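This briefing summarises selected features of the structure shown below.

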Amino acid sequence: MFPLDYHALLPEIILAVTVLVTLVVDLTTRKKYLVALTAMVGLFAAFVPVLTLAFCDSLEFCAAAGVDRVLFGGSYVVDGYALVFKGLFIFAAFIALLLSIGYLEADRYYEGEYYFLLIASALGAVVMASSRDFVSMIVALELVSGPAFLLAGWRKGDPRSNEAALKFFITGIIALSLLLFGVSLLYGLTGTIQFDQIAVASMAVADLPLFTLAVIFVLLGFGFKVSAVPFHFWTPDTYEGAPKPVTAWIAVGSKAAGFVGLLTVAYLAFPGVTEVWGPVMWVLALLSMTVGNIVAIKQTNVIRLLGYSSIAQAGFMLAPFGAAAASGADSLSQVFAATVTYLVIFVVMNLGAFAVVIIIGSRVGSYEFEDWAGLNRYAPGLAIMLAVFFMSLAGIPPLAGWFAKFAVFQATIGVGNWWGYSIAIAAALNAVIAFVYYAKVLKPAFFDPVPKGVDVEALEAAEIPAPIGFALALTAFGVIVLGVFPGVAANLGQYTAQVVAALGG
Amino acid sequence: MAGTNAPIECKGSILVLNQYYDDYITVAAFMIMGFVLVGAAVMMSRAIAPRAPGGLKDVAYESGIEPIGEGWNQSHIRYYIFALLFLIFAVEAIFLFPWALQLEYFDSIGMGVFALVEMLVFLVILFLGLIYAIRKGVLKWE
């Protein structure tokens, strides 16, 4: 009677219902915290089936029930790879939600539709993780981006917020049209939009210049989404202008969704033609790391600095793609795992960095890090948290960031050709450059005296709002656990890489 | 069409590709012809038309009514919201027609209830959009 595997679709169904319920709750009550609460409950509820699906894999009776988690004729697949990222996206949306609650109340803009849009964007990301053809992937990508465009312009009266939304929107549309153009060429060449079929059909047309063009268009479309240099121009302005919790979502959730799309397309649709896209990604990785880092050194605003830092991090995540050029099927799954490992750690530590920056920024009333001088005199706890996340971003053990970088080095060198060696050397040099600007933020906070005219007692007395404090605690816990037990992230990487390994074998 | 079934041999795919480019040659030919024809018409009229400038020739519409007032005109922003609301019903109709045509077929293979429930879900989602608009006072004309 009902031919769908509803268990496999449950996270999406719950999120979709949550989207509608938040809208209804917003209409029926003036107490806006109820809307946030609904959204939070929905995210929790959606996380449950992700867990049951993940453990169903290893249980005899569940797998024996004949549940094939390939839906809609192969367009939608719920496998380990999809589940890891569904969980990650729900986590990211949850943290973004926690960051938003206090911020929006202080901001006095509309609240109800905000949560509605945030959950809708999260739903898009969750769908993205399972998409295995171009149509569902583009729908998912737009479901992530569409609400994010609106959220970026949330502060209607603020010209900067408007500028942020407009820049984000225009580049988003350009990216989409590039992507669609590439997809149309691919469809013309292979006669299919499904990834596994493209993987087979592309072998026959791999030598054609038109095919190269199509692949490059598709990957460049994603290049905008993950803000790789030279498609990064929107990033700092959008990050600075958008409301800060939205920035956290765009910089982490939306970006990770872009990376998931890139991973799926590159490794599942074009696994046999790495020599076509590998060199392109190598160039993008090199440019993103270098330009992102060098420009970040000159920044004085912490949010812009995090923007450029995230461009550089995108470069690190692209480095394994670059090393994939001319590599065998075995090392293909290794470079895939490295990007996934980095992505998992990136999500946790960047959300944490945004959480602590938002707390400090709203307390001090400025996002210029020179104004944070003497932070450790009046808020030692926050100063330590700032140090934890920025040192993690810089890659200092035992915080999670070091393992992310280590995984990238290991995979790129492990490929064993000059594509891999060269990008590993570039990444190592960049890791050193990156340390400069992360330390630059910490220096005034720890070593400079409190500026004159600052009411230290008021700053000391200020309290951290509970939701955002909880977000900070969660991410700090995550960063420390992932740093001390790097096996967790590495196993997630290997677990997801099965999807690529299965292809090679 | 250029598309073929999945695995194609190399030689065959070159053929496919040639067809693919051929399609573009048609497009290019049309474009070139378009430019040539329009260009020819303009040049021709330039060459053979008699010229008598001045007088009535200088008014905006040679044989129409003189325009009055400004070229810009304000239309109420609310029209745009009504257009959006119209979209709800347009989308609804687009999906309802093929669904209604196929419902008997779905019933015959035992999926009638499934098809009905799926469409109801879709309608409820769209209906919520309408309720939202009404609650926000969009339909009030002030």
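Predicted model: local features only at pLDDT ≥ 70, side-chain atom pairs only at ≥ 80, totals over all residues.

Of the 142 residues that make up chain B, 2% count as buried.

**Chain B**

- The secondary structure of chain B consists of three helices and zero strands.
- Read from the N terminus, the order of elements in chain B is α-α-α.

**The largest nonpolar core**

- The largest nonpolar core holds 211 residues, and within this core Phe89(A) and Leu118(A) touch the most other members.
- The element that gives the most to this core is helix H14 (residues 329-364) of chain A, with 24 residues.

**Helix H5 of chain A**

- Helix H5 (residues 112-130) of chain A has 19 residues, which should span 27 Å at 1.5 Å a residue. The end C-alpha atoms of this helix are 29 Å apart, in agreement with that expectation.
- H5(A) is largely enclosed by the rest of the structure, because 19 of its 19 residues are buried.

**Leu284(A) in helix H12**

- Leu284(A) lies in helix H12 (residues 274-297) of chain A.
- Leu284(A) counts as buried because 25 other C-beta atoms lie within 10 Å, where the cut-off is 20 or more.
- Apart from neighbours within four places in sequence, the contacts of Leu284(A) are Gly223(A), Ala228(A) and Leu318(A).
- Between Leu284(A) and Ala206(A), the separation is 78 residues in sequence and 21 Å in space, taken from C-alpha to C-alpha.

**Helix H16 of chain A**

- Helix H16 (residues 380-394) of chain A comprises 15 residues, and the distance from its first C-alpha to its last is 21 Å, close to the 21 Å expected at 1.5 Å a residue.
- H16(A) is mostly covered, with 12 of its 15 residues buried.
- Among the buried residues of H16(A) are Leu382(A), Met385(A), Leu386(A), Val388(A), Phe389(A) and Phe390(A). Ser392(A), Leu393(A) and Ala394(A) are also buried in this helix.
- Just after H16(A), Gly395(A) adopts a positive phi of about 95°.

Technical notes
Residues numbered from 1 in each chain as written. Chains lettered and ligands numbered in written order. Helix = DSSP H or I, 4+ residues; strand = E, 2+ residues; numbered from the N terminus. Expected span 1.5 Å × (residues − 1). Contact = placed C-beta atoms within 7 Å. Core = buried A, V, L, I, M, F, W, Y, C linked by C-beta atoms within 7 Å.
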